Amino acid sequence: MAATLSSCKQAAAAAGMAAMHSSVSATSSSAALVSMGVSRRYASNSAMLLRSAFIPGTVSLRSRAVVSNNRSDAGKRSGHAVASSSNGTGGSSGLSIDLRGKRAFIAGVADDQGFGWAIAKALAAAGAEILLGTWVPALNIFETSLRKGKFDESRLLPNGSLFEIAKVYPLDAVYDTPDDVPDDVKSNKRYAVATGWTVKEVAESVKNDYGSIDILVHSLANGPEVTKPLLDTSRKGYLAAISASSYSYVSLLKYFSPFMNPGGSSISLTYLASEKTIPGYGGGMSSAKAALESDTRVLAFEVGRKYKIRVNTISAGPLRSRAAKAIGFIDDMINYSTANAPLQKELDSDEVGYSAAFLASPLASAITGTVLYVDNGLHTMGVAVDSPAISKAAASTPAKVNVAA
Ligand SMILES: NC(=O)c1ccc[n+]([C@@H]2O[C@H](COP(=O)([O-])OP(=O)(O)OC[C@H]3O[C@@H](n4cnc5c(N)ncnc54)[C@H](O)[C@@H]3O)[C@@H](O)[C@H]2O)c1
């Protein structure tokens, strides 16, 4: 497909989507890459790449390609993923996020508001085939909404097509095998809508249907006592949070990685409350995110050695998703971030989607075991600059510089 970036933008504008995409700045993606230790020049180029990742094989970075095109054949032969030229003619056309021929399973999508959806859409825009895992109690409403076209506006890709979902699998990531499902769940009518939804069964179904996958995304969490302070959290509530939000990832990797292609990539979603105290994010959810981040490092080692698969987690800034709204203070967290983060803008879920597409791509082939912050830089702040208690420090924020002068 030979569409240019400007034609992508025109298509998006024609579809009334330009405003949405223009909110994704190259600067923010660049900052995320710089925070990973990528040089500023490369990060700035890569940010342009992410910004333009809508259609595979079309992005042209005028500067010299970081990965030489003539290494691509050798790289493919040796089993290493290497970025290829966008037009196959050699060096000057730049790098692209091209996931054509790759297949992704994204666990934790039940509407078009959350990170899982945005990641699925970005991966689809880069050419990947998309399989979803949807929580059983939410399955009916999700499939009905999909069928009735309720999500069609947010399925729209900048080239004008709607992103396709090859198959939706019912999933409850709290249960590994049918033997683990208690009787009250077995007899619950919300679970009677489907069969074969434990992690092991879903993995077997995906393997039977498609043979292999390349990308595994864990975008799910659940903490029944999330609104309670940790001190008031019951043992049951705490363990439920860990089971749904952390062990579920171990389980997914356990059952999916044996049929993931070498060079594959796995990504989960975490939150700053794992490492800094965020009052209100209770019920053991902060503990669950700390476990998820620690597990990311250990699993990166284990599945890296065993299956040549990379494991990373994205620490995302606040987003008004269904799950976040249930916690009850998401608007405050968004306002806080806008007031205090280095980049004063609301996080767009697409920014997380593009970062995931980068992590899933051959461009990130040496990145594993990391926490990638996609949060407008909020994690770097040690103080809240909007606090009246530190008005002098806040006043020392540099004024805008007129570079054109
Ligand atoms: N929204 C935020 O501000 C924010 C910030 C940082 C990280 N995150 C993380 O992003 C991830 C996605 O959350 P989101 O905010 O996009 O909300 P979301 O509501 O879109 O996603 C959560 C999903 O988890 C699913 N789910 C819950 N229990 C499940 C189970 N047992 N089995 C299978 N699926 C189950 C829900 O059906 C839902 O689809 C979560 O890990 C969340 O902690 C969210």
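This is a predicted model: local features need pLDDT of at least 70, side-chain atom pairs count only at pLDDT 80 or more; totals for chains, interfaces and linings use all residues.
The protein's secondary structure comes to 16 helices and seven strands. There are 405 residues in the protein, and buried ones make up 46% of them. Now take the contacts between residues at least 6 apart in sequence: 76% of those join residues at least 24 apart.

Right, on to the ligand. Which residues come nearest to it? There are 27 residues around the ligand, and the ones that come nearest are Gly 114, Leu 220, Leu 269, Ser 321 and Ala 323. If you want to find the elements involved, look at α6, residues 115-125, and α13, residues 322-327: these are the ones that give two or more residues to the shell. Helix α13 has the largest share, with three residues. And what's the shell made of? We've got 18 nonpolar residues, seven polar and two charged.

Last stop, the helix pair. Have a look at α10, residues 199-210, and α11, residues 235-256. They pack at an angle of about 35°, and their axes are 9 Å apart. The crossing of α10 and α11 is right-handed. So who's touching whom? On the α10 side it's Val 199, Lys 200 and Ala 203, and α11 brings Ser 251, Leu 252, Tyr 255 and Phe 256. Sort the residues of that contact and you get five nonpolar, one polar and one charged.

That's my tour, thanks!

Technical notes: Residues are numbered from 1 along each chain as its sequence is written. A residue is near a molecule or strand if its C-beta atom, placed from the backbone, lies within 6 Å of it. Helices (H or I, at least four residues) and strands (E, at least two) are DSSP runs, numbered from the N terminus. Ala, Val, Leu, Ile, Met, Phe, Trp, Tyr, Cys and Pro count as nonpolar, Asp, Glu, Lys and Arg as charged, and the others, Gly among them, as polar. Axes are lines fitted to C-alpha atoms, for helices over the stretch in contact, and angles run from 0 to 180 degrees between N-to-C directions. A crossing is left-handed if the near helix is turned anticlockwise from the far one by less than a right angle, and right-handed if clockwise. Two residues are in contact if their C-beta atoms, placed from the backbone, lie within 7 Å. A residue is buried if 20 or more other C-beta atoms lie within 10 Å of its own, exposed if 12 or fewer, and partly exposed in between; C-beta atoms are placed from the backbone.
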